[in-house]
Amino acid sequence: MLSLWVAAILLFGYYVAQGVTSPVSKVPGPWYTRFTSLWIKYQEFTANRRESVHRLHQVYGPVVRLGPNEVSFTSLDAIREIYASGGSGYDKTEFYSLFKQLNTNPGGLKSLNVEKDFEIMEELTYHQSLQKSLLAYYLPSWEPYFPTFLHPRSAPKTNKFVLGMTAQSHVEEYTLVEKLRRKESGLELLQVAAECKDHMAAGIDTTGDGLCFLMWELSQPQNLEFQRKLQHELRNTPPDSSLDSLVYLDAVIKEALRCSPPIPMSLPRYVPAGGRSIDGYFIPAHTIVSCQPYTVHRSCDEVFPEPDRFYPDRWLEDEGPAERNRHFFAFATGGRGCTGKK
Ligand code: HEM
């Protein structure tokens, strides 16, 4: 019994000493985040992570410790280092395995008018199984023993659709499936299907949420002026004009994505071997580092004054367009940034 107590005390001492002496302990943040990641995990499970991280940045500044092995940043230098250094930046963490796909191709969906297509969209978008996926992610060895109601929702209709599309004998030349099926891609059919489904999952919610936020902003009484300016541009532009000539539309879209980025939360990456210095702090190898679009878009008053205000005209000001674009992080940046941006 005594040896058990001694072992427990030694373990506790080791744990505390690690929390106090690790380089991450020098990063500003709540004291308990030196010792435990339970706080940030709890925020994730209760869908409060983005707001909590934002509040911590408001209190502690541009660099904040979220747990003994996790740090969040907001500066442009940190974005460049984490997401764009050496091409594709640091490696993505296992968090992304939550979105692992069997596979899909959106080429054939005609959307909401066709019942079958609507069901597929519904299956992919209207569900709340992120908590269940998080459970499996944090407790992988327990996952096989989870009761059925804790299993993340599957998407059988979507899987069938994607596998069917991928296996067709003829596919149009302009499609993603056609490119991925070429011999030189070296992909198995199942991998092609998974890649396609990934695009479907990545493109539907993000675009839909973005448009939803945009419409909501434009519908607000205080934003009527912007709605009118947009109507004016759309009504007075010849129908065959290039989309690039719609500068006000571009400003409205960017401002909606700035205020309410569809992927607003931390985009986590691992610090490579040897550790790195980021924003003046040495961060050891394998620490999880990230920036979150929601906070990046609100953390530099000189670039985006009154950051919480929906104000599309800021994108048309003569001064500072390059800085605004550099701080626009809705699609992330670097080699692993959004491939659907254009
Ligand atoms: C408003 C619409 C969209 C927004 C705001 C958006 C945002 C993002 C962001 C922030 C990432 C980076 C995630 C990370 O680094 O952790 C990303 C990645 C990605 N996006 Fe989008 N996205 C949008 C639309 C689309 C569309 C339409 C597609 C495809 C049809 C797409 C395909 C992808 C793919 C494949 C990746 C992963 C790239 C990689 O890992 O290398 N996205 N997107």
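Reader: Which residues are closest to the ligand, and how many surround it?

Author: The ligand is surrounded by 18 residues, and the closest are Gly 203, Thr 206, Leu 267, Cys 338 and Gly 340. A residue is near a molecule if its C-beta atom, placed from the backbone, lies within 6 Å of it. The model is predicted: local features need pLDDT of at least 70, side-chain atom pairs count only at pLDDT 80 or more, and totals for chains, interfaces and linings use all residues. Residue numbers start from 1 along each chain as its sequence is written.

Reader: How do the residues of the shell around the ligand divide?

Author: They are eight nonpolar, eight polar and two charged. Ala, Val, Leu, Ile, Met, Phe, Trp, Tyr, Cys and Pro count as nonpolar, Asp, Glu, Lys and Arg as charged, and the others, Gly among them, as polar.

Reader: Why does Val 289 count as buried?

Author: Buried requires 20 or more other C-beta atoms within 10 Å of the residue's own, with C-beta atoms placed from the backbone; 12 or fewer is exposed, and in between is partly exposed. Val 289 has 28 C-beta neighbours inside 10 Å, so Val 289 counts as buried.

Reader: What does Val 289 touch, leaving out residues up to four places away in sequence?

Author: Val 71, Phe 73, Ile 82, Tyr 90, Arg 269, Val 271, Ile 278 and Ile 283. Contact means C-beta atoms, placed from the backbone, within 7 Å.

Reader: Which members of the largest nonpolar core touch the most other members?

Author: Of its 34 residues, they are Val 71, Phe 73, Ile 79, Ile 82, Val 289 and Cys 291. Such a core is a set of buried Ala, Val, Leu, Ile, Met, Phe, Trp, Tyr and Cys residues joined through C-beta atoms within 7 Å. The largest share, five residues, comes from α11. Helices (H or I, at least four residues) and strands (E, at least two) are DSSP runs, numbered from the N terminus.

Reader: What is the order of the strands in the open sheet?

Author: Five strands run β1-β2-β7-β4-β3, with mixed pairing. Strands pair if DSSP finds at least two bridges between them. β4 (residues 269-270) and β7 have two bridges, in the antiparallel sense, and Arg 269 stands opposite Val 289.

Reader: Why is one side of β1 and of β3 left without a neighbour in the sheet?

Author: β1 and β3 (91-92) stand at the edges, each with a single partner strand, so one side of each has no neighbour in the sheet.

Terms used: Two residues are in contact if their C-beta atoms, placed from the backbone, lie within 7 Å.
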